Amino acid sequence: MFALSYIQGGKAQYWKNEAINLIAAGQEPFKDFKDFITQLEAQFGDLSPKATAIRKLKTLRQGSSSVDEYILQFKAEASQTDLGDTALIEYLKAGLNPMLFKSIY
């Protein structure tokens, strides 16, 4: 119930109200906090984390970040995909700072 008190507005409000109604009726909508999180993620989580990670890789740019920071961000997203090295290298190169890319190639 405590965690539900932090949910406010939007679609989540309807989900919260259903859970509160079950509690008021003497039913327990969640076995424990872990079950609460599982149900919350199932209801509102990313339905396709691989596709989301690929989309982020396609748009990830180094910008003014250091190469190390860019690589860390890139690896974090790449680890969520099942892309092969060839595709990952292309995404990595596409996101490099253009001046750095020119100096390498």
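Visitor: Where does valine 67 lie?
Guide: Valine 67 is in helix H4. Helices here are DSSP runs of H or I with at least four residues, strands are runs of E with at least two, and both are numbered from the N terminus. This is a predicted model, so local features need pLDDT of at least 70 and side-chain atom pairs count only at pLDDT 80 or more, while totals for chains, interfaces and linings use all residues. Residues are numbered from 1 along each chain as its sequence is written, and side-chain values use heavy atoms, with hydrogens and water left out.

Visitor: Let's zoom out. How many helices and strands are there?
Guide: The protein chain has six helices and zero strands. Read from the N terminus, the elements go α-α-α-α-α-α.

Visitor: What does the C-alpha trace span?
Guide: About 65 × 25 × 20 Å along its principal axes. The radius of gyration is 21 Å, whereas a compact globule of 105 residues would be near 13 Å. That radius is taken over C-alpha atoms, and the globule rule is 2.2 Å times the number of residues to the power 0.38.

Visitor: How many of the residues count as buried?
Guide: 21% of the 105 residues in the protein chain.

Visitor: Which residues make up the largest nonpolar core?
Guide: Seven of them: Leu57, Leu60, Tyr70, Phe74, Ala78, Leu88 and Leu96. Helix H4, residues 67-78, gives the largest share of this core, with three residues. A nonpolar core is a set of buried Ala, Val, Leu, Ile, Met, Phe, Trp, Tyr and Cys residues joined through side-chain atoms within 4.5 Å.

Visitor: What does tyrosine 70 touch?
Guide: Not counting residues up to four places away in sequence, tyrosine 70 touches Leu60, Arg61, Gln62, Tyr91, Leu92, Gly95 and Leu96. There's also a second, separate core of six residues, including Leu4, Ile7, Trp15 and Phe36.

Visitor: Tell me about isoleucine 7. Where is it found?
Guide: Isoleucine 7 is in the segment before helix H1, which covers 10-24. Isoleucine 7 is buried, with a relative accessible area of 11%. Beyond its neighbours within four places in sequence, isoleucine 7 is in contact with Ala12, Gln13, Trp15, Lys16, Phe36 and Leu40.

Visitor: Switching topic: how many salt bridges?
Guide: The count is two. The rule is a side-chain nitrogen of Lys or Arg within 4 Å of a carboxyl oxygen of Asp or Glu. One of them pairs aspartate 82 with lysine 50, with the closest N and O atoms 3.5 Å apart. Aspartate 82 sits in the loop between H4 and helix H5 (85-95) and lysine 50 in helix H3 (residues 49-59), so the pair ties together parts 32 residues apart in sequence.

Visitor: How far apart in space are lysine 50 and aspartate 82?
Guide: 7.6 Å from C-alpha to C-alpha. Aspartate 82 counts as exposed at 57% relative accessibility, and lysine 50 as partly exposed at 43%.

Visitor: What about lysine 93 and glutamate 90?
Guide: Their side chains meet in a salt bridge, 3.4 Å from N to O. Both residues lie in helix H5, three residues apart, about one turn of the helix. Lysine 93 is partly exposed at 23%, and so is glutamate 90 at 44%.

Visitor: Last one: which residues make the nonpolar surface patch?
Guide: Phe101, Ile104 and Tyr105 make a patch of about 330 Å². Patches use residues with over 30% relative accessible area and no salt bridge, joining like charges within 9 Å and nonpolar side chains (Val, Leu, Ile, Met, Phe, Trp, Tyr) within 5 Å. Phenylalanine 101 is in helix H6, residues 98-104.

Conventions
Buried means under 20% relative accessible area, exposed over 50%, partly exposed in between (1.4 Å probe, protein chains only). Contact means heavy atoms within 4.5 Å. Accessible areas come from the Shrake-Rupley method with a 1.4 Å probe; for residues, only the protein chains shown count as cover.
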